[in-house]
Amino acid sequence: MNGFFHLPSDLQNTWLGLVGLHLREALLPVLAGLVVALPMAQLCVRFRWLYPPVLGVTTVLYAIPSLAFFVVLIDYTGLSETTVMIPLAVYTLVVLVPAIVDGIRSVPQETLDAADAMGFGPLRRYVQVQLPIAVPAILAGLRVATVSSLSLVSVGTLIGNQGGLGNLLTDAMFYHRPMLAVNSVVTTAVLAILLDAALVLVRILLMPWMPRATRAKRTRADARPEPSAIALEDAAR
Amino acid sequence: MIRIDSVTKRYPDGTVAVDRLSLEIPDRSITVLVGPSGCGKTTTLRMINRMIEPSEGTITLDGVDIGKQPVNSLRRSMGYVIQNAGLFQHRTIVDNIATVPRLLGWSKDRSRARARELMERVGLDASLAKRYPYQLSGGQQQRVGVARALAADPPVLLMDEPFSAVDPIVRKGLQEELLRIQEELGKTIVFVTHDIDEAIRLGTMVAVLRTGGRLAQFAPPAELLSSPADTFVEDFLGTDRGIRRLSFFTSETLELTKSPIVSVDSSAEEIASRATPEAPYLLVTGLDGKPLGWSDPGDLAAGEIAADRLLPYGRPFEYGKDSLRAALDCAVLSPTGWAVAVDGTGRVAGVVSQQTIGEAIRSAHASGQRDEKVAG
């Protein structure tokens with residue numbers, strides 16, 4: 001394990017520094033994706049005809065390789081973190097939009113009727129009734145988006161040391177130090193597991209109102225492939 | 001008073017849900033809207049709190065057109081109870097009940113105190129306050145629904161098939177509870193159901209609607225049973241409306257007899273003197289005056305009572321409190337054809353034969369029809 005945390009100087013960063021950079025590049029896009037996905041999903045719920053085309057567009061965007069994004073974006077945002085984060089944010093939409101739409105649609109009609117009958121306005125009903133009840137499904141989507149984003153950051157190394165822990169991979173080849181590659185992979189995996197566990201914990205703490213036995217069934221997003229499966233798939237791209 | 005004045009609801013596709021409906025819903029009483037599915041009863045209810053806007057006609061509340069009132073404050077002044085309760089699954093029971101007070105701007109503490117008060121009123125244990133809806137049974141959830149509707153003390157309560165999703169025993173309990181609460185609070189309740197039994201049980205006035213949203217009859221339940229307006233209402237009431245109608249007549253008019261009643265310690269001569277051809281069975285009572293069972297004429301001939309060979313007496317009815325329907329039911333269930341009447345403490349007040357009950361029914365019907373003629 002000697003030299004595990006001893007990084008080449010061209011990275012101009014410590015191991016912890018790279019972890020911080022990696023987390024920032026992975027999580028900011030998820031946050032941005034959530035901010036965009038919430039109103040998009042609300043529009044899709046409101047205007048049903050909008051949902052299939054939106055789903056189609058997000059899927060097509062997801063199919064565009066990040067390298068292609070970089071080629072276009074470099075002219076505008078240069079060799080920066082932003083260039084890495086924009087495609088990552090776009091990719092989260094394919095998971096987050098359906099998760100939020102499913103969540104909001106899962107609110108029972110009689111609950112909505114009751115809210116109307118008690119004199120909730122549309123905005124109050126959205127914020128106080130629909131959104132809270134949709135949170136478990138949204139969190140399930142966030143778990144997938146977060147882990148997937150975490151594994152995708154590494155491509156940033158292609159535009160010059162903007163890949164967080166992924167930068168170790170190029171250095172491993174360059175300096176013939178395979179331990180650096182192991183470091184990169186293991187650290188990314190551990191981060192993914194920790195973040196996923198944190199989101200599960202948030203759900204348990206914030207949602208005492210969900211029947212435990214049926215939690216997995218209630219949120220359709222949970223029925224999707226395990227986050228790790230998607231992460232592996234992304235790493236292969 | 002809620003006044004529905006020739007209201008029509010027509011949807012863009014041409015379907016007419018409610019057709020020129022006019023109703024006057026009296027204050028502080030339960031008005032039931034009943035009818036088959038597609039008769040527009042729920043639509044009518046929802047037009048009262050403007051969840052659906054009428055195409056034609058007006059609805060007034062105490063003389064004010066509800067169409068001219070701000071919709072959210074109108075809704076907050078009317079409690080609404082829905083099938084399956086429609087509770088907020090992400091809020092505790094106490095916070096569910098406190099919803100409307102919070103919307104009205106009450107403080108959190110005051111709203112919760114009020115919510116706890118209502119939990120007691122609807123018969124919910126205080127220990128349930130911090131639970132979530134999924135932890136409650138269907139019947140308990142429905143009680144929470146009623147408490148939530150009552151929270152801001154609205155003068156009007158709208159109930160949309162509130163008890164149809166629970167099992168019959170729980171439903172009966174909830175109906176009794178509603179009648180009890182209504183006696184205490186005296187709200188103006190509009191109650192929608194497809195169950196005619198429920199309508200007759202709860203309603204002060206019952207509006208029967210037919211498919212297509214037209215009013216078939218609007219009358220108190222007893223009148224509905226005695227003189228249905230047409231064959232539709234008659235069919236809807238079912239084949240046993242004659243029997244059902246008996247629940248509106250008191251058993252007080254029955255002439256009870258005490259002659260075929262003996263105590264368990266009676267002498268042989270007394271027993272022999274009591275048995276008659278009209279009443280061959282004798283009812284044996286315990287030393288406390290409560291019924292034990294009917295004694296067989298064959299055993300009586302031997303001049304003594306075989307306490308271990310008594311016939312069951314079925315279910316007794318409470319004289320004066322239960323209806324003629326209950327008395328008739330007791331007589332039908334009794335193996336001897338005689339019904340046992342008891343007083344409030346369960347002691348035998350007398351016995352009555354099916355024949356006597358039949359006479360009482362005939363005279364009750366006759367006087368009932370006279371009353372209606374006077375009222376009409």
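A residue counts as buried when its relative accessible area is under 20%, as exposed when that area is over 50%, and as partly exposed in between. With this cut-off in hand, the report can turn to the structure, which is a predicted model.

Another pair in chain B is Arg143(B) and Glu177(B), whose side chains form a salt bridge at 3.6 Å from N to O. This pair also links distant parts of the chain, for Arg143(B) sits in helix H6 (residues 138-150) of chain B and Glu177(B) in helix H7 (residues 168-185) of chain B, 34 residues apart. Arg143(B) has a relative accessible area of 19% and is buried, and Glu177(B), at 16% relative accessibility, counts as buried too. Both residues belong to a network of salt bridges that also includes Arg121(B), Arg180(B) and Glu184(B).

In chain A, Glu81(A) and Arg24(A) form a salt bridge in which the closest N and O atoms are 2.5 Å apart. Here helix H4 (residues 81-105) of chain A, which holds Glu81(A), is linked with helix H1 (residues 15-46) of chain A, which holds Arg24(A), and the two residues are 57 residues apart. Arg24(A) counts as partly exposed, because its relative accessibility is 41%. Over all chains, the count comes to 25 salt bridges, and the table lists some of them, including one between the chains.

| Salt bridge | N to O distance |
|---|---|
| Glu81(A) and Arg24(A) | 2.5 Å |
| Arg46(B) and Asp113(A) | 2.8 Å |
| Arg143(B) and Glu177(B) | 3.6 Å |

The size of an interface is often given as the accessible area lost when the parts come together. Between chain A and chain B, the buried area is about 2000 Å², and carbon and sulfur atoms give 61% of that area. Of the area that chain A buries against chain B, 32% is supplied by Ala117(A), Met118(A) and Trp209(A), which is more than any other three residues supply. The contact involves 22 residues from chain A and 23 residues from chain B.

There is 1 salt bridge between the two chains, and it joins Arg46(B) to Asp113(A). There are also 6 residue pairs in polar contact between chain A and chain B, with both residues at pLDDT 80 or more. On the side of chain A that touches chain B, helix H5 (109-117) and helix H6 (122-152) of chain A each supply at least two residues, and H5(A) gives the most, with 7 residues. The residues on this side of chain A divide into 13 nonpolar, 4 polar and 5 charged.

## Chain A as a whole

The secondary structure of chain A consists of 10 helices and 0 strands. Buried residues make up 50% of the 237 residues in chain A. Among contacts in chain A between residues at least 6 apart in sequence, 73% join residues at least 24 apart.

Strand S1 (residues 2-10) and strand S4 (residues 56-61) of chain B pair in the antiparallel sense over 5 bridges, and Ile4(B) stands opposite Ile59(B) in S4(B). S4(B) is also joined by 2 bridges to strand S5 (residues 64-65) of chain B, and these two strands run antiparallel. S4(B) and S5(B) form a hairpin with 2 residues between them, and in the turn Asp62(B) has a positive phi of about 50°.

Strand S12 (residues 282-285) of chain B and S13(B) form an antiparallel pair over 4 bridges, in which Trp294(B) is the bridge partner of Leu283(B). Their hairpin has 5 residues between the strands, and Gly289(B) takes a positive phi near 85°. Strand S13 (residues 291-295) of chain B is mostly covered, as 4 of its 5 residues are buried.

Ser111(B) lies in helix H5 (residues 108-121) of chain B and counts as buried, because its relative accessibility is 1%. Leaving aside neighbours within four places in sequence, Ser111(B) is in contact with Ala98(B), Pro101(B), Arg102(B) and Trp106(B).

Methods: Residues are numbered from 1 along each chain as its sequence is written. Chains are lettered from A and ligands numbered from 1 in the order in which they are written. This is a predicted model: local features need pLDDT of at least 70, side-chain atom pairs count only at pLDDT 80 or more; totals for chains, interfaces and linings use all residues. Side-chain values use heavy atoms; hydrogens and water are left out. Buried means under 20% relative accessible area, exposed over 50%, partly exposed in between (1.4 Å probe, protein chains only). Two strands pair if DSSP finds at least two bridges between them. Contact means heavy atoms within 4.5 Å. Buried area is the accessible area (1.4 Å probe) that two parts lose on being put together, summed over both. A salt bridge is a side-chain nitrogen of Lys or Arg within 4 Å of a carboxyl oxygen of Asp or Glu. A polar contact is a pair of N or O atoms within 3.5 Å; within protein, one must be able to donate a hydrogen and the other to accept it, and residues adjacent in sequence count only if both atoms are side-chain atoms. Ala, Val, Leu, Ile, Met, Phe, Trp, Tyr, Cys and Pro count as nonpolar, Asp, Glu, Lys and Arg as charged, and the others, Gly among them, as polar.
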